[in-house]
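Q: I would like a close look at one part of this model, taken slowly and with the terms spelled out.

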Amino acid sequence: MNDRRRMTGVVTSNKMSKTVVVEITRVYRHPLYRKVVHRSKRFKAHDELGCQIGDQVQLVESKPLSRDKRWVVESIVKREIRTADTGVADLKAEE
């Protein structure tokens, strides 16, 4: 195994060719105020696997591929389950 950094996040955009935007969410407790803090950061990553929005992926550090890309999608941890209709699910209670 190599010493490259690895992170797991969720794909939020795949509109660019061979590039995806992955959001990494971090939850921690503030050291002084003890409040739970939610932080998120977005990274652009090179994608050869064909990720879709909502997929959970593992990123690995790489050499700079462009001005913004320093990460590569290593594997897809979990695929997002897609329904036939891409619209918002109907939330009405069945009667």
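Which residue in strand 4 is the bridge partner of methionine 7?

A: The bridge partner of methionine 7 in strand 4 is leucine 59. The model is predicted, so local features need pLDDT of at least 70 and side-chain atom pairs count only at pLDDT 80 or more, while totals for chains, interfaces and linings use all residues. Residues are numbered from 1 along each chain as its sequence is written, and side-chain values use heavy atoms, with hydrogens and water left out.

Strands here are DSSP runs of E with at least two residues, numbered from the N terminus. Two strands pair if DSSP finds at least two bridges between them. Strand 1 covers residues 6-16 and runs antiparallel to strand 4, with five bridges joining them. Strand 4 and strand 5 are antiparallel and share six bridges.

Strand 1 also pairs with strand 2, again antiparallel, through four bridges. Methionine 16 stands opposite threonine 19 of strand 2. The hairpin of these two strands has two residues between the strands, and lysine 18 there has a positive phi near 60 degrees, although lysine 18 is not a glycine. Arginine 34, in the loop between strand 2 and strand 3, likewise has a positive phi near 60 degrees without being a glycine.

Leucine 59 and valine 73 both belong to the largest nonpolar core, which has eleven residues, among them Val20, Val22, Ile24, Phe43 and Trp71. Strands 2 (19-29), 3 (36-46), 4 (56-61) and 5 (71-78) each give two or more residues to this core, and strand 2 gives the most, three. Such a core is a set of buried Ala, Val, Leu, Ile, Met, Phe, Trp, Tyr and Cys residues joined through side-chain atoms within 4.5 Å. Buried means under 20% relative accessible area, exposed over 50%, and partly exposed in between, with a 1.4 Å probe and protein chains only.

Phenylalanine 43 links back to the opening pair. Leaving aside neighbours within four places in sequence, phenylalanine 43 is in contact with Met7 and Leu59, and also with residues including Val20, Ile24 and Trp71. Contact means heavy atoms within 4.5 Å.

Glutamate 61 and arginine 5 form one, at 3.1 Å from N to O. Glutamate 61 lies in strand 4 and arginine 5 in the segment before strand 1, 56 residues apart. With 25% relative accessibility, glutamate 61 is partly exposed. Side chains of opposite charge can pair when their charged atoms come close.

Glutamate 48 is exposed, at 55% relative accessible area. The count of salt bridges comes to seven.

Key. Salt bridge = Lys/Arg side-chain N within 4 Å of Asp/Glu carboxyl O.
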